[in-house]
Amino acid sequence: MKKSKIIGSIVGIVVFVAMIAGLTYAWFTWRSSNIPVAGNSNCFIIDYDIGQEIGSASDKASFDLVESYDEGQAAIVTLSINEKCVGMKGKGVLYLNTNSAATDNAIIKGALKYTIIKKVGDESEEVGTGTITTKNKLKLVDNIPLDTTSKVTYEVWVWIDGTIADNTYYKANYSGYISAEVTQVE
């Protein structure tokens, strides 16, 4: 009698577990079929023209103390939408990412600066400037409007302002890169 109760209990437990697993699977399948999934990754184009890095872990950027951004080092990115994606619009964001392991603390004390130049066709315009005082990711330009008729290029210049830098910047290393994101808008 005890043996038959044990076998009955085991069979009951196995059947109960199978029912729960089946119900969970059926619920998950029903729920997942109601989630709308759509997208097109072939429409947004982010092109790092000359490379996105300013120095690297193995080859740190070398800066002189200068008075103007165009004497520093630049990374270039172009944002656009594929012309085949008719009617699509997007918004872009441009970032400066500092490689914290390859950047010395001595270089982020107030004279390391960035300047952003926007180029559309033959037109150029300075759209931002600031000081790099952290190794965190910096948002440089937000809400960059994109459509199939426009192509926008950004030059991100990094430079040491020689008018305010002192001896602490001597032989200090910097390494960073630019990145961009684009999302579709209605």
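**Surface and overall make-up**

I began with the surface: the protein exposes about 11,900 Å², and carbon and sulfur atoms supply 53% of that area. I note at the outset that this is a predicted model. Next I looked up burial. Of the 186 residues in the protein, 34% are buried.

**Fold elements**

I listed the secondary structure. The protein has one helix and ten strands. I then read the elements along the sequence and got α-β-β-β-β-β-β-β-β-β-β. I also checked how far apart in sequence the contacting residues lie. Among contacts with a separation of 6 or more, 84% are between residues 24 or more positions apart.

**Salt bridges**

How many salt bridges does the structure hold? I found three.

Buried or exposed? I looked up both K113 and D161. Both K113 and D161 are buried.

I moved on to K119 and E155. Their salt bridge has its closest N and O atoms 3.0 Å apart. K119 is in strand β6 and E155 in strand β9, so this pair too links distant parts of the chain, at 36 residues apart. I checked the cover on each partner. K119 is partly exposed, because its relative accessible area is 28%. E155 is buried, because its relative accessible area is 13%, and buried means under 20%.

I then turned to D142 and K139. They form a salt bridge whose closest N and O atoms are 3.6 Å apart. D142 has a relative accessible area of 38%, so I put it down as partly exposed. K139 has a relative accessible area of 47%, so K139 is partly exposed as well.

**Charged patch**

Which residues form the negative surface patch? I noted D64, E67, D70 and E71.

I followed up on E71. Where does E71 lie? I placed E71 in the loop between β3 (65-66) and β4 (73-81). Its relative accessible area is 48%, so I recorded E71 as partly exposed. I checked that value against the patch rule. Patch residues need over 30% relative accessible area, and E71 has 48%.

Methods:
Residues are numbered from 1 along each chain as its sequence is written. This is a predicted model: local features need pLDDT of at least 70, side-chain atom pairs count only at pLDDT 80 or more; totals for chains, interfaces and linings use all residues. Side-chain values use heavy atoms; hydrogens and water are left out. Patches are made of residues with over 30% relative accessible area and no salt bridge: like charges are joined within 9 Å, nonpolar side chains (Val, Leu, Ile, Met, Phe, Trp, Tyr) within 5 Å. Accessible areas come from the Shrake-Rupley method with a 1.4 Å probe; for residues, only the protein chains shown count as cover. A salt bridge is a side-chain nitrogen of Lys or Arg within 4 Å of a carboxyl oxygen of Asp or Glu. Lys and Arg count as positive and Asp and Glu as negative; His and the chain ends are not counted. The place of a charge is taken as NZ of Lys, CZ of Arg, CG of Asp or CD of Glu. Helices (H or I, at least four residues) and strands (E, at least two) are DSSP runs, numbered from the N terminus. Buried means under 20% relative accessible area, exposed over 50%, partly exposed in between (1.4 Å probe, protein chains only). Contact means heavy atoms within 4.5 Å.
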